[in-house]
Amino acid sequence: MKDGLISKLIIFTYGIFSYVFAIAVQLWFIFYIGEWDFMATNIDTQQRIPSEYPFAINLGLVLLFGVQHSVMARPSFKKYLTKFIPQAAERSTYVLASGIALGLICLYWQPLDGLLWQVENETAKALLSAGYIFGWLFSLFSTFIINHFELFGLQQVYFNLINKSELPVDFKEKLFYKFMRHPIQFGVLLGIWFTPTMSYSHLMLCVTLTIYIFIGLWCEERDLVSTLGSSYKDYQKRVRMMFPFTK
């Protein structure tokens with residue numbers, strides 16, 4: 001009995017650590033792509049591994065993030081992973097791995113020379129900065145509309161600690177989800193694209209992450225149809241994937 005409780009406490013602690021680590025890295029990434037004076041390095045400064053092949057390194061970093069993010073989210077991989085770790089720790093492991101993959105982008109992204117645009121008008125700069133902040137807040141709020149704590153693995157480790165069964169998958173159209181199927185990713189796109197200064201380095205990150213987001217959503221929607229069946233198919237017919245207009 002005591003060993004079982006210790007095991008559950010370890011899993012719970014692991015879940016808390018994974019959550020805090022992932023949130024900290026996400027905040028780092030948000031500030032990393034913005035123009036903030038308090039940041040020692042940002043997306044346009046030289047990183048730790050200067051290279052003659054910055055494009056290849058950057059592409060590799062995004063591919064690593066994309067493969068980790070999508071492969072680990074697939075039901076078949078989850079089933080395989082839980083042969084080695086407790087079921088309750090599966091989501092926390094995904095969250096931790098995602099934080100590591102995102103952190104590697106912040107650590108090793110290589111700057112590229114050149115600017116696509118640089119807005120000097122103060123009003124325009126303020127509007128773009130407001131769009132940047134709005135996008136990240138919109139994405140964060142969207143996680144709470146569904147279940148922020150389940151999404152980041154905290155619910156699973158807590159239920160395991162108190163011997164409570166997992167809740168069944170429940171899909172409801174709430175708030176933003178009445179107008180778009182993926183408001184979390186929509187907010188991320190706003191956050192990465194709205195910037196007063198679009199360097200080629202930032203542009204590469206925006207383009208590659210945008211491509212990955214749509215590939216990842218295609219995979220996710222296949223899983224949602226498999227899990228939720230006709231109810232999600234009907235939702236797909238009525239509501240657009242990304243932009244806030246009903247069909």
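Trainee: Why is Asn-163 called exposed in this predicted model?

Mentor: Asn-163 has a relative accessible area of 61%, and since the word exposed applies over 50%, Asn-163 is exposed. This residue sits in the loop between H7 and H8, and its phi is near 60°, a positive value in a residue other than glycine.

Trainee: What makes Leu-175 count as partly exposed?

Mentor: The relative accessibility of Leu-175 is 48%, and because buried means under 20% and exposed over 50%, with partly exposed in between, Leu-175 counts as partly exposed. Leu-175 is likewise found in the loop between H7 and H8, and its phi is near 45°, a positive value in a residue that is not glycine.

Trainee: Why is the pairing of Arg-238 and Glu-173 called a salt bridge?

Mentor: The side chains of these two residues meet at 2.4 Å, N to O, and the term requires a side-chain nitrogen of Lys or Arg within 4 Å of a carboxyl oxygen of Asp or Glu, so the name applies. The pair links distant parts of the chain, with Arg-238 in helix H10 (residues 230–238) and Glu-173 in the loop between helix H7 (154–161) and helix H8 (183–193), 65 residues apart. As for accessibility, Arg-238 is partly exposed at 33%, and Glu-173 is partly exposed at 28%.

Trainee: How do you know that Arg-238 also forms a salt bridge with Asp-234?

Mentor: The closest N and O atoms of Arg-238 and Asp-234 are 2.9 Å apart, and because the cut-off is 4 Å, this pair qualifies as a salt bridge. Being four residues apart in helix H10, the two are separated by about one helical turn. Asp-234 counts as partly exposed, its relative accessibility being 37%.

Trainee: Which residue forms a salt bridge with Glu-221, and are the two buried or exposed?

Mentor: Glu-221 pairs with Arg-181, the closest N and O atoms being 2.8 Å apart. The pair links distant parts of the chain, as Glu-221 lies in helix H9 (residues 200–228) and Arg-181 in the loop between H7 and H8, 40 residues apart. Both Glu-221 and Arg-181 are buried. A search of the whole structure finds four salt bridges, the Glu-221 and Arg-181 pair being one of them.

Trainee: How do you know that the length of H9 agrees with its number of residues?

Mentor: At 1.5 Å a residue, the 29 residues of H9 should span 42 Å, and the end C-alpha atoms are 41 Å apart, which agrees. H9 is followed by Gly-229, whose phi is positive, near 70°.

Trainee: What makes the pairing of Asp-44 and Ser-199 a polar contact?

Mentor: The side chains of Asp-44 and Ser-199 are joined at 2.4 Å, and because a polar contact calls for N or O atoms within 3.5 Å, this distance meets the cut-off for a polar contact. Leaving aside neighbours within four places in sequence, Asp-44 is in contact with Pro-111, Ser-199, Ser-201 and His-202.

Trainee: Where is Asp-44 placed, and why is it called partly exposed?

Mentor: Asp-44 is in the loop between helix H1 (2–32) and helix H2 (54–71). Asp-44 and Ile-6 are 38 residues apart in sequence and 46 Å apart in space, C-alpha to C-alpha.

Methods: Residues numbered from 1 in each chain as written. Predicted model: local features only at pLDDT ≥ 70, side-chain atom pairs only at ≥ 80, totals over all residues. Heavy atoms only, no water. Buried < 20%, exposed > 50% of the residue type's maximum accessible area, 1.4 Å probe, protein only. Contact = heavy atoms within 4.5 Å. Polar contact = N/O pair within 3.5 Å; in protein donor to acceptor, adjacent residues only side chain to side chain. Expected span 1.5 Å × (residues − 1).
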